[in-house]
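Dear colleague,

I am handing over the structure we spoke about, followed by my notes on it. Please read the notes with the structure open beside them.

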Amino acid sequence: MKDFSLHKNPQRGHRYQSDGGIRWSDELKRWMIADPEAILQILRNPDFVVHEYRFDLALSRHGVDLPHLARMRDFLPLAVEGEQHAILRDRMIRDISLNTAAAIGSYETALAAALNETIVNSRDGRACLARDVFLPCLRKASIVIAGLAQYSHAIDEIERLVDLPLFFDDMISVKKRAQLEEVAAQVLQAMPADFDIDEKYLRLSMLTLAIDTLSASVMLSVKSILERETGVALNQIRWDRELTSTGLPFVERKALKDTHLANHLISRSDRVRLLLDAAGVQGDACPHYSDLYFAAGAHQCIGKAVSRKIWKATVEQMRAIDRTLHVTAFTFRNRDSVFSLLESLEVEIHD
């Protein structure tokens, strides 16, 4: 069971519970923390700081210039600490709050149309919930959450827009990172030329933070519930009130000084991977909601409220359909070691 893809392994619940939930990974050269209490301790400990995501500094030494991604990084609250973090976080929370109603309205409209065409009026008895329903609907919602509703059409047409959050993946190739630079450039170009430059990068960073975490969490939750409720019509399913799964299965921190944690010595500069997914995944049981999915402490997810509203809207529309969906196949995005984003979620449709 490879550690770099552990979050996509169906047997990960057992691995999370091994070694007391705390172990060193020789493969990743960092600590793997799956124990929820230990995760909370680290998230609330100021001696553990965020990953800075300064990929641009290393690449520039090899003649690779990625100015848009480098500038966007300066507007990511999860990449900074202290006063800069507080300012960015407060600004984004305020903007997301202002955009939430419009985002939910946009999502509800798009989802109703997609479900009607793909499920309710289906003639061939098959559909891909990722491609035909959730990816396009949640992509549009994420654009609105980022305050870019006026430019939604142009941004929504950008090829591989959904790959933008792979910025956070330190295992992607230089070629892929250059492709993300081009995607970022196209998003920026879709905004008016007279738009304040800092405002542009702030909106770009908000979109990067939202688009994959939201899509992955909703689709994984739908998948897990459909698999749990095999043969049950959508309007008879016991839908969970909260997301059962998280599309961002872990976050990382770096130790500023030597720290003892449950009889383990975490040395200064050690990286720790906090497996948030483990809080809701135990053994072979169906995943269940945990507040830890949204992290905790100063860097708790700023999209928690809107994510929960998106899920509520999803459940309301799914439970109104008198048809049964059977999951037949699914695939995760290839070469993605950070998110649990489904590229396909194939279902059979039965009356």
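**Sheet, salt bridges and backbone**

Ala329 has Glu346 of strand S10 standing opposite. Please keep in mind throughout that this is a predicted model.

The pairing of S9 with S10 (residues 342–350) is antiparallel and runs over 8 bridges. These two strands belong to an open sheet of 3 strands, in the order S4-S10-S9, with antiparallel pairing. The edges are taken by S4 (126–128) and S9 (324–332); each has a single partner strand, so one side of each is left without a neighbour in the sheet. From one strand to the next, the twist averages 20°. Helix H6, residues 129–145, lies across S4, S9 and S10 and runs at about 115° to S10.

Next, the salt bridges. Searching the whole structure gives 31 of them.

The side chains of Arg12 and Asp277 form a salt bridge, with an N to O distance of 2.5 Å. This pair joins distant parts of the chain, 265 residues apart: Arg12 is in helix H1 (residues 12–17), while Asp277 is in the loop between strand S8 (271–274) and helix H10 (304–318). Both Arg12 and Asp277 are buried.

Arg323 is bridged to Asp351, and their closest N and O atoms are 2.7 Å apart.

Asp19 is partly exposed, at a relative accessible area of 49%. Arg15 is partly exposed as well, with a value of 27%.

Which residues make up the network of salt bridges? Arg160, Asp163, Lys176, Asp212, Arg333, Asp336 and Glu343 are linked in it.

Last, the backbone. Most residues other than glycine have a negative phi, which is why two positions are listed here. Ala262 has a phi near 50°, a positive value in a residue that is not glycine. Asn263 also has a positive phi, of about 70°, and is not a glycine either. Ala262 is found in the loop between strand S6 (259–261) and strand S7 (264–266), and Asn263 is placed in the loop between S6 and S7 too.

Regards

Technical notes: Residues are numbered from 1 along each chain as its sequence is written. This is a predicted model: local features need pLDDT of at least 70, side-chain atom pairs count only at pLDDT 80 or more; totals for chains, interfaces and linings use all residues. Side-chain values use heavy atoms; hydrogens and water are left out. Helices (H or I, at least four residues) and strands (E, at least two) are DSSP runs, numbered from the N terminus. Two strands pair if DSSP finds at least two bridges between them. Axes are lines fitted to C-alpha atoms, for helices over the stretch in contact, and angles run from 0 to 180 degrees between N-to-C directions. Contact means heavy atoms within 4.5 Å. A salt bridge is a side-chain nitrogen of Lys or Arg within 4 Å of a carboxyl oxygen of Asp or Glu. Buried means under 20% relative accessible area, exposed over 50%, partly exposed in between (1.4 Å probe, protein chains only).
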